[in-house]
Amino acid sequence: MIKLLALTTLQAILGVGGIAMLTRALHGKPMGLREITTALFTVEGMIGAVILFGSFIVMSVILSFAKMSVYIPLNTALTFLVTIILTFVIGQERVTLTTALGMVLIVAGVALVSAKS
């Protein structure tokens, strides 16, 4: 279970980090093919794509040994948690008390679901 938790945490960090970088590259731009391609070839876009590919590799390793019924809820909870932490650290968005409490409940629920698995 510790291996699964460690790798899923890494995968969540890479996934959220990659999405954050791609968001910085694409945010506010028109969604035409030319603009998307141009944004993806910026430093932020390329770093985001590489980080997301790393997330995919880690997920592939996890899926080689983990049960989906444990991995998917754990991944969902950790992705929410990493998103809130990243949002708080970067300070781009405000995390409300309701959102924080919701994330705590999700993490608690996942802990209950995966405790016997």
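The structure is a predicted model.

## Overall architecture

The secondary structure of the protein chain consists of five helices and zero strands. Read from the N terminus, the order of elements is α-α-α-α-α. Along its principal axes, the C-alpha trace spans about 50 × 35 × 20 Å.

The chain has 117 residues, and buried residues make up 26% of them. Its accessible surface comes to about 7,700 Å², and carbon and sulfur atoms account for 75% of that area.

In soluble globular proteins, nonpolar side chains tend to be buried together. In this model, the largest nonpolar core holds 14 residues, and the members that touch the most other members are Leu-4, Ile-62, Ala-66, Tyr-71 and Leu-74. Helices α1 (2–26), α3 (43–63) and α4 (68–90) each supply at least two residues of this core. The largest share, six residues, comes from α4.

The surroundings of Ile-62 can be listed residue by residue. Apart from its neighbours within four places in sequence, Ile-62 is in contact with Leu-4, Leu-7, Thr-8, Gln-11 and Tyr-71.

Thr-8, one of these partners of Ile-62, lies in helix α1. Is Thr-8 buried or exposed? Thr-8 counts as buried because its relative accessibility is 0%, and the cut-off for buried is under 20%. When neighbours within four places in sequence are left aside, the contacts of Thr-8 are Ile-62, Tyr-71, Leu-74, Asn-75 and Leu-78.

With a relative accessibility of 15%, Leu-22 counts as buried. Which residues does Leu-22 touch, not counting residues up to four places away in sequence? They are Leu-40, Gly-45, Gly-48, Ala-49 and Leu-52. Leu-22 and Phe-65 are 43 residues apart along the chain, and their C-alpha atoms are separated by 30 Å.

Helix α3 contains Ser-55. Ser-55 has a relative accessible area of 6% and is therefore buried. Leaving aside neighbours within four places in sequence, Ser-55 is in contact with Gln-11, Leu-14 and Gly-15.

Gly-54 is likewise found in helix α3. The C-alpha atoms of Gly-54 and Ile-13, 41 residues apart along the chain, are separated by 10 Å.

## Charged and aromatic side chains

Side chains of opposite charge can pair when their charged atoms come close. How many salt bridges does the structure hold? The structure holds one salt bridge. This salt bridge is formed by Glu-44 and Arg-24, with the closest N and O atoms 3.0 Å apart. The pair links distant parts of the chain, as Glu-44 is in helix α3 and Arg-24 is in helix α1, 20 residues apart. Glu-44 counts as partly exposed at 26% relative accessibility. Arg-24 is also partly exposed, at 45% relative accessibility.

A further arrangement involves a charge and a ring. Lys-3 lies over the face of Phe-65, at 4.5 Å from the ring centre. For pairs of aromatic rings, the count comes to one.

## A residue in helix α5

Val-113 is found in helix α5, which covers residues 97–115. At 49% relative accessibility, Val-113 counts as partly exposed. Val-113 and Ser-69 are 44 residues apart in sequence, and their C-alpha atoms are 8.9 Å apart in space.

## Summary of accessibility

The table below gathers the accessibility of several residues discussed above.

| Residue | Relative accessibility | Class |
|---|---|---|
| Thr-8 | 0% | buried |
| Ser-55 | 6% | buried |
| Leu-22 | 15% | buried |
| Glu-44 | 26% | partly exposed |
| Arg-24 | 45% | partly exposed |
| Val-113 | 49% | partly exposed |

Definitions and conventions: Residues are numbered from 1 along each chain as its sequence is written. This is a predicted model: local features need pLDDT of at least 70, side-chain atom pairs count only at pLDDT 80 or more; totals for chains, interfaces and linings use all residues. Side-chain values use heavy atoms; hydrogens and water are left out. Rings of Phe, Tyr and Trp (its six-membered ring) pair if their centres lie within 6.5 Å; planes under 30 degrees apart count as stacked, over 60 as edge-to-face and the rest as tilted. A charge sits over a ring if NZ of Lys or CZ of Arg is within 6 Å of the ring centre and within 35 degrees of the ring normal. A nonpolar core is a set of buried Ala, Val, Leu, Ile, Met, Phe, Trp, Tyr and Cys residues joined through side-chain atoms within 4.5 Å. Buried means under 20% relative accessible area, exposed over 50%, partly exposed in between (1.4 Å probe, protein chains only). Helices (H or I, at least four residues) and strands (E, at least two) are DSSP runs, numbered from the N terminus. Contact means heavy atoms within 4.5 Å. Accessible areas come from the Shrake-Rupley method with a 1.4 Å probe; for residues, only the protein chains shown count as cover. A salt bridge is a side-chain nitrogen of Lys or Arg within 4 Å of a carboxyl oxygen of Asp or Glu.
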